[in-house]
Structures are given as structure tokens and as C-alpha cells.
Amino acid sequence: MPLFFSPLKLYRGLKKTSIFIFLFISYIAYSAWVYTDGTNTVRAMNEKELAGKNIYQKNNCTSCHQLFGLGGFLGPELTTAISDKNRGAVYAKTFLKFGGNRMPNFHFTNEEIDEVIAYLQYVDNNASTYKNNK
Ligand code: HEC
């Protein structure tokens, strides 16, 4: 006579079910984290930084400079220009104020220069993974 109730089969079934439940709960927990805190690293730009971004776009700095590797190659990469220990904010300000050998002088006001620096600082702050990859 065939055995309809097998304790061994029941045990194996429960084992599979518990693995499934474990994976399912892990998936839900991980998804909840990724869609809430996991991606919450970038804050929105404040007004000053946004003004700097507009100046950067209006004057087409991208034609000569790269941010995150994108842009022209006449000038240096600016993604980490502010935190770079050989460059930094004062160094960047000098070029924005007076231009360079090949960098044009845009005749910015001091306020505009501060805005551009704030924007470059913002970019730099959000470049942690970019720095790790260098
Ligand atoms: C015609 C090309 C050109 C344009 C347009 C240009 N730059 Fe430059 N920039 C350069 C070059 C080249 C240098 C390197 C110094 C030199 O040779 O004059 C430089 C240097 C700099 C530096 C110094 C940082 C470093 O790492 O050496 C900063 C900051 C900078 N530029 C910001 C800007 C911003 C902001 C704009 C837009 C308002 C801009 N540049 C537009 C060519 C340009």
C-alpha cells in the first residue's frame, strides 16, 4: 500500500519553504533599503550652487573642461578641483578672476566667482565614488 503521508517529504517541503521565505524577506528588506536610504546620498543644490551651475553652462566651460570625464580637453578636469590638495578653492578662484595662459578671463564679479566655486564644491562633494575609481 502506498504511503500517502511521508514525514520525510513534509520535512523537505518545510525546508524549501523556509528557504523561500527567508529569501523573500531578505529581498523585501533590501529593496526597502535601496529605495529609501540606499540612494539618499545627493542633496539638492542650494540657490548659490545653482547660480554657479548656470554660470558654468552659460559660459560653456564644458567646451574646455570635464566634469565626471565629460567635456572638452583643452583645460583640466574640474570634478575634484576643489578637494585636490595641489589645487583647491583659492587656486580655482585665481583662474576665474584673471584667466590663464589659455583660460579666458570672463571678467566675473567676486560674487559670481563664489557661486562657481560653490557649484564646483557641490560637484566635488558628490564625487566620492568617482575619486575611489581614480
Ligand atoms: C577656452 C577654453 C577654456 C574655457 C572656455 C574655460 N577654461 Fe578654465 N581653464 C582652461 C585652461 C587651458 C586652464 C589651465 C590653465 C591655463 O592654461 O590657462 C584652465 C583652468 C581653470 C581652472 C583652474 C583649475 C585647475 O585645475 O587648473 C578652473 C577652476 C577653471 N579653469 C574653471 C573654468 C570655468 C568655471 C569656466 C567657465 C566659466 C572655464 N574654466 C572656462 C581653459 C578654459
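**Figure 1. The two domains of the predicted model.** The protein is divided into domain 1, which covers residues 1-40, and domain 2, which covers residues 47-133, and the coordinates shown are those of a predicted model. Taken over C-alpha atoms, the centres of domain 1 and domain 2 are separated by 51 Å. Along the principal axes, the C-alpha atoms of the protein fill a box of roughly 95 × 30 × 25 Å. The radius of gyration of the protein is 27 Å, whereas a compact globule of 134 residues would have a value near 14 Å.

**Figure 2. Secondary structure and packing across the chain.** The protein holds five helices and two strands, and, read from the N terminus on, these elements follow the order α-α-β-β-α-α-α. Of the 134 residues in the protein, 14% are buried. When contacts between residues at least 6 apart in sequence are considered, 57% of them join residues that are at least 24 apart.

**Figure 3. Helix α1 with S26 and P7.** S26 lies in helix α1, which spans residues 7-38. Because S26 has 10 C-beta neighbours inside 10 Å, and a residue with 12 or fewer is classed as exposed, S26 counts as exposed. From C-alpha to C-alpha, S26 and P7 are 28 Å apart in space, with a separation of 19 residues in sequence.

**Figure 4. The shell around the ligand.** Around the ligand there are 22 residues, of which C61, C64, G75, G100 and M103 come nearest. By residue class, the shell around the ligand divides into 14 nonpolar, six polar and two charged residues. Helix α3, formed by residues 88-98, gives the most to this shell, with three residues.

**Figure 5. Helix α4 and the elements it packs against.** Helix α4 comprises the 16 residues 110-125 and reaches 22 Å from its first C-alpha to its last, which is close to the 22 Å expected at 1.5 Å a residue. Among the buried residues of α4 are E115 and D124, together with V116, I117, A118, Y119, L120, Y122 and V123. The buried residues of α4 pack against α2 (47-58), against β1 (66-67) and against α3; helix α3 is also the element that gives the most residues to the shell around the ligand.

Technical notes:
Residues are numbered from 1 along each chain as its sequence is written. This is a predicted model: local features need pLDDT of at least 70, side-chain atom pairs count only at pLDDT 80 or more; totals for chains, interfaces and linings use all residues. Helices (H or I, at least four residues) and strands (E, at least two) are DSSP runs, numbered from the N terminus. The radius of gyration is taken over C-alpha atoms; the globule rule is 2.2 Å times the number of residues to the power 0.38. A residue is buried if 20 or more other C-beta atoms lie within 10 Å of its own, exposed if 12 or fewer, and partly exposed in between; C-beta atoms are placed from the backbone. Two residues are in contact if their C-beta atoms, placed from the backbone, lie within 7 Å. Domain bounds come from an automatic or database domain assignment. A residue is near a molecule or strand if its C-beta atom, placed from the backbone, lies within 6 Å of it. Ala, Val, Leu, Ile, Met, Phe, Trp, Tyr, Cys and Pro count as nonpolar, Asp, Glu, Lys and Arg as charged, and the others, Gly among them, as polar. The expected span of a helix is 1.5 Å times one less than its number of residues.
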